[in-house]
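Please brief me on this structure. Keep it short and group the points by topic.

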Amino acid sequence: MRDLGQPTGGFALARMPTQRSRIPMVITPVERAAASAALGCPPWELGLCAACEQLMRRYGRDAAMFCNVCRAVLNDR
């Protein structure tokens with residue numbers, strides 16, 4: 001591994017800024033329970049859509065990275 005202070009062939013590599021969500025989301029236990037009941041999955045399988053950050057079934061069996069709306073937009077490209 002190379003340290004950031006080491007030379008890199010004539011130019012320096014800057015550190016990448018930390019990527020954070022534009023709008024920090026705090027999900028209360030009540031909201032998590034309501035979403036898991038609406039989606040028909042356990043609360044620990046909930047996560048955020050990779051595109052729109054909507055709460056969806058993200059983990060577990062038959063889970064996806066994108067919600068249905070974002071998947072439809074991506075497939076129509």
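The briefing below goes from the whole chain to single residues.

This is a predicted model, where local features need pLDDT of at least 70, side-chain atom pairs count only at pLDDT 80 or more, and totals for chains, interfaces and linings use all residues. Residues are numbered from 1 along each chain as its sequence is written, and side-chain values use heavy atoms, with hydrogens and water left out.

**Overall layout**

- The protein has 2 helices and 2 strands. Helices (H or I, at least four residues) and strands (E, at least two) are DSSP runs, numbered from the N terminus.
- From the N terminus on, the order of elements is α-β-β-α.
- Of the 77 residues, 16% count as buried. Buried means under 20% relative accessible area, exposed over 50%, and partly exposed in between (1.4 Å probe, protein chains only).
- The protein exposes about 6,600 Å², and carbon and sulfur atoms supply 58% of that area. Accessible areas come from the Shrake-Rupley method with a 1.4 Å probe; for residues, only the protein chains shown count as cover.
- Among contacts with a separation of 6 or more, 6% join residues 24 or more positions apart. Contact means heavy atoms within 4.5 Å.

- Ser36 sits in helix H1. Ser36 counts as buried because its relative accessible area is 8%.
- Not counting residues up to four places away in sequence, Ser36 touches Cys41, Pro42, Pro43 and Leu46.
- Gly40 is in the loop between helix H1 (29-39) and strand S1 (46-48). Its relative accessibility is 59%, so Gly40 counts as exposed.
- Gly40 and Arg57 are 17 residues apart along the chain, and their C-alpha atoms are separated by 8.8 Å.
- Glu45 is also in the loop between H1 and S1. Glu45 has a relative accessible area of 11%, so it is buried.
- Leaving aside neighbours within four places in sequence, Glu45 contacts Met56, Arg57, Arg58, Tyr59, Gly60 and Arg61.

**The loop between the strands**

- Ala50 lies in the loop between S1 and S2. Ala50 counts as partly exposed, at 41% relative accessibility.
- Beyond its neighbours within four places in sequence, Ala50 is in contact with Arg58, Met65 and Phe66.

**Cysteines**

- A disulfide is a covalent bond between the sulfur atoms of two cysteines. Here it is counted as a pair of cysteine sulfur atoms within 2.5 Å.
- The structure holds 0 disulfides.
- The sulfur of Cys67 has its closest cysteine sulfur in Cys70, at 3.6 Å, so the pair is too far apart for a bond.
- Cys67 is buried, at 11% relative accessibility. Cys70 is buried too, with a relative accessible area of 12%.

**Largest pocket**

- The largest pocket has a volume of about 170 Å³. A pocket is an open set of points on a 1 Å grid over the protein atoms alone, where a 1.4 Å probe fits, with protein on both sides within 12 Å along at least five of seven lines; lining residues have an atom within 4 Å of a point. Grid points are joined across faces, edges and corners, and a volume is the space filled by probe spheres set on the points.
- The lining includes Leu39, Met56, Arg57, Phe66 and Cys67.
- Strand S2 (55-57) and helix H2 (68-75) each supply at least two lining residues.
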